[in-house]
Amino acid sequence: MRIFAMALLLLMNSSFAGWVSSGGQLFKDAHNSWFIKNTKLIRYCIQYDASSFSMSEDRIHKIIKKAFNYWEKEFSKIEDENKVGRFILGGQKISQVTCSKNTDVAFKFGYGTLNKNEIDYLKNPIKYIGVSVRQSYDEENLKGKGFIYISSDQGPHKYQNNGNLIIRAWENEKILEYTLIHEIGHVFGFPHSGNGIMSENFLDQLLNKYLNPYFLNLEIEPFLIAKKQYFICDIPSKIKRQVFSMKSGERCILIKKKKSSNLFELYSMNEDKTSKRKIGEIVGINLNFNDSKSNPVSVLQLTSKQKIFTSKQTGFRSFMYGPFQQDEGYFASLMIDEKSKMESVYLKIRSDSFMMLGNLKNKIVPLLNYQSPLSQILQMDPTP
Ligand SMILES: [Zn+2]
């Protein structure tokens, strides 16, 4: 009993009561998004330690906005999900303020921005490239507050590097943009998952000196919903001729979702994209409910004190699901202009891949296969 009381006292006295970081699981609601629909404005501030950070402050301002925009764009693609047990992310205005106790997210760039409490909590800040720490949570309004720390990349407190990481990572805007997208992702309630921008090793791979060059020219990919077009060049010649009736010299296929209609257009192209010829369409696209995975990537654990959702909205559950990551199968038909009959095909569409399976000489084979460059890089061996 006495030990219990002492432990409780210790916990109450601790300056970290309520703090959780990206990987923290002490509280059931640790991974909740810091902001849901009742929050209309996100106030962020910037603290900057010029001597230990290789990027200038005005460039940082621009990149923070880009990183927030990335997520806002992702959330805007989700069809309005006003269903029971579902919650909506995004829609907030973002506004930069001077740091105060009313700030929702404090961005801290470089070691010199950390106070003693924060250093004690992180124990050894140099072991992080970036980390998001929720310092308090309003259980009635389901709203979090905290900071995102981005490590120094120069000086005595620069991020730990066993020789495998690039030095002075923050000289490059793309690297900081990726890092902030990852950390803001945690703020919106996405835990580590999958093989993309929110994967557990993402930051280590991003800064890995062998893999880093691949990231620099990469288009920043969607996280939740698949792209609307794909450019695929890796197609066996047999399939090019027999399935798509492509001419010699035409090496690649562009698949493009037609706006506001349920079909994909197919174009045959050469590798440098200088010629483009429409060869057909994928039509009659029907979702296969048996092959539609529901992968919620953000879960909101409801606290007993919450005042935001009625039990009708929560479906009397103690948690709600946020956006799902697309992972669906579709039955469809392939119509190639130069052929007289349609072929049955099957589409497998995920947020990071697109595959069309079909019949070739009585065998089911992948006719088109797109894997996102990011997921391919993240599968590469970082220690050649
Ligand atoms: Zn993370």
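Predicted model: local features only at pLDDT ≥ 70, side-chain atom pairs only at ≥ 80, totals over all residues.

Me: What makes Ser-151 buried?
Reply: The cut-off is 20 or more other C-beta atoms within 10 Å. Ser-151 has 27 of them within 10 Å, so Ser-151 counts as buried. It's found in the loop between E6 and H4.

Me: Which residues is Ser-151 in contact with, leaving aside neighbours within four places?
Reply: Pro-125, Ile-126, Tyr-128, Ile-129, Gly-130, Lys-158 and Tyr-159. A contact needs C-beta atoms within 7 Å. As for Ser-33, 118 residues away along the chain, its C-alpha atom is 23 Å from that of Ser-151.

Me: How do you know the span of H4 agrees with what a helix should give?
Reply: You take 1.5 Å times one less than the number of residues. For the 15 residues of H4 that should come to 21 Å, and the end C-alpha atoms are 21 Å apart, so the two agree. After H4 comes Gly-189, with a positive phi near 90°.

Me: Why is H4 called largely enclosed?
Reply: Because 12 of its 15 residues are buried. Among them are Ile-175, Tyr-178, His-182, Glu-183 and His-186. The cover over the buried residues of H4 includes H2, E4, strand E5 (130-138), strand E6 (143-150), helix H5 (202-207) and helix H6 (212-216).

Me: And H2, how does its reach compare with the expected value?
Reply: Helix H2 covers residues 57-76, 20 residues in total, and reaches 29 Å between its first and last C-alpha, close to the expected 28 Å. Its buried residues are Ile-60, Ile-63, Ile-64, Ala-67, Phe-68, Tyr-70, Trp-71 and Glu-74.

Me: Why are those residues said to be on the same side of H2?
Reply: Because they cover an arc of only 140° around the axis, they sit on the same side of H2. On the other side, Asp-58, Lys-62, Asn-69, Lys-73 and Ser-76 are exposed. The buried ones pack against strand E2 (41-48), strand E3 (93-96), strand E4 (105-109) and helix H4 (173-187).

Me: What share of the contacts join residues 24 or more positions apart?
Reply: Of the contacts in the protein chain with a separation of 6 or more, 66% are between residues 24 or more positions apart.

Me: Last one: where does the chain divide into domains, and how many residues are in contact across the two?
Reply: Domain 1 is 16-216 and domain 2 is 229-378. Their C-alpha centres lie 31 Å apart. Across the interface, 28 residues of domain 1 are in contact with 23 residues of domain 2. The domain 1 side has 11 nonpolar, 12 polar and 5 charged residues.

Methods
Residues numbered from 1 in each chain as written. Domains from an automatic or database assignment. Nonpolar A, V, L, I, M, F, W, Y, C, P; charged D, E, K, R; others polar. Helix = DSSP H or I, 4+ residues; strand = E, 2+ residues; numbered from the N terminus. Arc of directions from axis to C-beta.
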